[in-house]
Amino acid sequence: MKPKPPHRLRPMGPEDIGAVAWIESVAMGVARRDEAWHTMLTHPAYRSRVLEETGPEAAHVVGFVTFSVAGGEGGILNMAVAPEARRRGYGRELLMAVLEGCRAERARSIYLEVRRHNRGARALYVATGFVQVGERPGYYTGPADDALVMRLDLKPYADARRPEAPAPEA
Ligand SMILES: CC(C)(COP(=O)(O)OP(=O)(O)OC[C@H]1O[C@@H](n2cnc3c(N)ncnc32)[C@H](O)[C@@H]1OP(=O)(O)O)[C@@H](O)C(=O)NCCC(=O)NCCS
């Protein structure tokens, strides 16, 4: 893994839309319009995080993830890291932020769809514990590809973080 400069994860805000739309356009070949991002940022079921590098130069966003939480289920909508910042572990950190956010809201599982030919993203999801639970043939266009549906079952937050029981009094 390449070395990581100082960086931090934080919720996405309207001031991040330009940077995030640029990363999305480079990574996916398409970019949502600004209005779509504003809708994403204000919709009650949608969550989004950015990862920005800090340090001596001005902070700049190098990755983002958008996800939903509703009805006990999380869903990853989109995630991308700027090409020059890949293989530093940022994708994994963004994914961990999704797991943390979904657990905190008591989701029991997280779903996502990924292109069959997207080997990098698939490797990341499998390494995190996602398993394939379905597929949608010909789901994607430009270029045409199948979608693989993947799911991660979450341990309840309370079980993962339950504090030690106090010692019984003598
Ligand atoms: C998928 C993506 C977000 C991964 O981001 P990243 O910051 O490079 O990922 P990480 O550095 O955290 O990688 C973590 C692990 O995932 C796997 N992985 C990531 N990219 C990989 C690649 N291109 N090939 C093989 N394995 C890869 C590796 O196991 C890696 O661990 P390692 O570097 O120790 O071997 C990034 O490649 C990207 O933005 N791709 C274009 C957009 C996209 O495909 N988004 C997902 C849509 S479903």
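Predicted model: local features only at pLDDT ≥ 70, side-chain atom pairs only at ≥ 80, totals over all residues.
1. Seven strands make up an open sheet, arranged in the order 1-2-3-4-5-7-6, and their pairing is mixed. The edges are taken by strand 1, residues 7-11, and by strand 6, residues 131-140, each of which pairs on one side only. Direction ignored, neighbouring strands of this sheet are turned against each other by 25 degrees on average.

2. Helix 3 on the sheet. Helix 3, which covers residues 90-104, packs on the sheet and touches strand 1, strand 2, strand 3, strand 4 (73-81) and strand 5 (109-115), while its direction makes about 30 degrees with that of strand 3. 

3. Helix 4 on the sheet. Helix 4, formed by residues 119-128, also packs on the sheet, where it touches strand 5 and strand 7 (145-153), and its direction makes about 160 degrees with that of strand 5.

4. Strand 2 with strand 3. Strand 2 (residues 46-53) and strand 3 (residues 60-70) run antiparallel and are joined by eight bridges, with Val50 standing opposite Phe64 of strand 3. The two strands form a hairpin with six residues between them, and in its turn Gly55 has a positive phi of about 90 degrees.

5. Strand 3 with strand 4.

6. Burial of strand 3. Strand 3 is mostly covered, since nine of its eleven residues are buried. It is also one of the strands that helix 3 touches.

7. Helix 3 in itself. With 15 residues, helix 3 reaches 21 Å from its first C-alpha to its last, which is close to the 21 Å expected at 1.5 Å a residue. Its buried residues are Tyr90, Gly91, Leu94, Leu95, Ala97, Val98, Cys102 and Arg103. Just after the helix, Arg106 takes a positive phi of about 65 degrees.

Note on methods. Residues numbered from 1 in each chain as written. Pairing = 2+ DSSP bridges. Helix = DSSP H or I, 4+ residues; strand = E, 2+ residues; numbered from the N terminus. Axes fitted to C-alpha atoms, helices over the stretch in contact; angles between N-to-C directions. Contact = placed C-beta atoms within 7 Å. Expected span 1.5 Å × (residues − 1). Buried ≥ 20, exposed ≤ 12 C-beta atoms within 10 Å, placed from the backbone.
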